[in-house]
Structures are given as C-alpha cells and as structure tokens.
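Biologist: Hey, I'm new to this one. Can you walk me through it?

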Amino acid sequence: MDKFIKLEGLVAPLDRANVDTDAIIPKQFLKSIKRSGFGPNAFDEWRYLDQGAPGQDSAKRVKNPDFVLNQERYQGASILLARSNFGCGSSREHAPWALHDFGFRAIIGESFADIFFNNCFKNGLLPIVLPKAEIDALFGLTEHSPGYRLTVDLPSQLVVRPDGYAIHFEVDAFRKECMLNGWDDIGLTLRHAEKIREFEARRRTEQPWLFA
C-alpha cells in the first residue's frame, strides 16, 4: 500500500452518525476480491437515484443532487469528516477499499466501529478520532468555508487547520509505523523474505520427501 506521511487535502463533511458498511458499499458489489474498482459505487444508494447493480456504467447514472458528496465544492476531497460509530455493521473489508478508491486517504470522526477501524489501517486509510467539540468545529468551518482544507501530519500526529490551530490525535505506534512505511500484512511478511527463502531451502534439504 502507499505510504502515508503528510496529507494536505480538501475536506468533505458527511454529517450522519452510525454510517454502516452496507451504506458505504452495498452488498451487491461484494463479488470481487480486488481492492480497486469500488469507488464508483461508494455510498451507492445515497449518491444515485436508481438502483445500482454490478457492471453498470456509473458515469451514465443519475446522481442525487441532495447528497453532499455530489456537490461540486467537495469534488476531489481526500479527507472525510464523519460523526460517531462510522463503519458499523458487517465487517466487509470492501468498505475501506471503496473509500480509498473514491479518493479518501483519511477519515476524521468522533468514533469508529472496531473492525472497520482496523481494516482502514491495513488498506492505507488513516482513521482519526477527535473529541466531539473539535469535530463540531470542523463541521462548521467546512460547511461555511468553500474549499476548506486540512493538513494531516502523521509523524507529528496532528490535524492542522488553515489558521494554524493544531489538534493532536492518538495512534497506535505499530500501526503508525506501518502507515509511514506503506506496510500492509503482505508487506510485513515480505520484510522477512530472505529468512523465508532460507527456511524453504533448508527444509528441501532436510525433508526432501515433501518435494518429491
């Protein structure tokens, strides 16, 4: 996965609590196990006015003009502002895949569902928990300031507003290291590739019947 060090990006506000994973990526789109291609169907039932189905050309579908992420001012946003219990519901890893493919690299919210929270780190999407008062302030600033942007500094663990006000956030040290280096589960394993090769070569010598 891509390294995450510092992100300066446009903010999009999704002012809803308890956004579940079926809303993030509906069940009919879960047939693929590839990590890419889910972005056009992220928040499908909210973004479009028709019933979405796999294989549709989303560019030809009619979008819901009332859905916040369809508004022109939020196009190209890389930071999603959320409320409490974001990512609740089923444990589908497709949810962070869809958000990442949509263009988001960080989600700032009051709280996250545990499994979704863990899946985000494994897929290059940084979930940040901030106090409700800070989230309320960010919603107000985002909604009243077109083009509102934030800087997310992972090494310093800071969310920095355009006025210079910085908000500290907590992140597990191991997860932070993985994000900074772009290590997903496969990447972590491949760090030991030489030892794995040495083990396989030794086993081939010591237990040749396994390779007959």
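This is a predicted model: local features need pLDDT of at least 70, side-chain atom pairs count only at pLDDT 80 or more; totals for chains, interfaces and linings use all residues.

Biologist: Where do Asp50 and Arg61 lie?

Modeller: Asp50 is in the loop between helix H2 (44–47) and E2, and Arg61 is in the loop between H2 and E2, so the pair ties together parts that are 11 residues apart in sequence.

Biologist: Is Arg61 buried or exposed?

Modeller: Arg61 counts as buried, at 8% relative accessibility. Asp50 is partly exposed, at 31%.

Biologist: How many salt bridges does the count come to?

Modeller: The count comes to 11 salt bridges. One of them joins the side chains of Glu8 and Arg149, at 2.8 Å from N to O. Glu8 sits in strand E1 (residues 6–13) and Arg149 in strand E5 (residues 149–153), so that pair ties together parts 141 residues apart in sequence.

Biologist: How exposed is Glu8? And what about Arg149?

Modeller: Glu8 is partly exposed, with a relative accessible area of 44%. Arg149 is partly exposed too, at 36%.

Biologist: Which side chain does Arg92 meet in a salt bridge?

Modeller: That's Asp22, at 3.1 Å from N to O. The pair links distant parts of the chain, 70 residues apart: Arg92 is in the loop between strand E2 (79–81) and helix H3 (94–102), while Asp22 is in helix H1 (residues 21–24). Arg92 is buried, with a relative accessible area of 16%, whereas Asp22 counts as partly exposed at 26%.

Biologist: Which residues are linked in a network of salt bridges?

Modeller: Asp15, Arg83, Glu110, Lys132 and Asp136 are linked that way.

Biologist: In which sense do E1 and E5 pair, parallel or antiparallel?

Modeller: E1 and E5 pair in the antiparallel sense, over five bridges. Across from Lys6 you'll find Asp153 in E5.

Biologist: And how many bridges join E1 to E2?

Modeller: Three, and those two strands run parallel. Val11 has Ile79 as its bridge partner in E2.

Biologist: Switching to helices: which residues of H3 are buried?

Modeller: His94, Ala95, Pro96, Trp97, Ala98 and Leu99. Those buried residues of H3 pack against H1, E2, strand E3 (106–109) and helix H4 (114–122).

Biologist: What follows H3?

Modeller: Gly103 does, and its phi is positive, near 130°.

Biologist: Which residue has a positive phi of about 60° although it is not a glycine?

Modeller: That would be Asn18. For background, most residues other than glycine have a negative phi. Asn18 lies in the loop between E1 and H1, and it counts as partly exposed at 46% relative accessibility.

Biologist: And which one has a positive phi of about 55°?

Modeller: Gln157, which is not a glycine either. Look for Gln157 in the loop between E5 and strand E6 (158–160).

Biologist: Is Gln157 buried or exposed?

Modeller: Gln157 is buried, with a relative accessible area of 13%.

Technical notes:
Residues are numbered from 1 along each chain as its sequence is written. Side-chain values use heavy atoms; hydrogens and water are left out. A salt bridge is a side-chain nitrogen of Lys or Arg within 4 Å of a carboxyl oxygen of Asp or Glu. Helices (H or I, at least four residues) and strands (E, at least two) are DSSP runs, numbered from the N terminus. Buried means under 20% relative accessible area, exposed over 50%, partly exposed in between (1.4 Å probe, protein chains only). Contact means heavy atoms within 4.5 Å. Two strands pair if DSSP finds at least two bridges between them.
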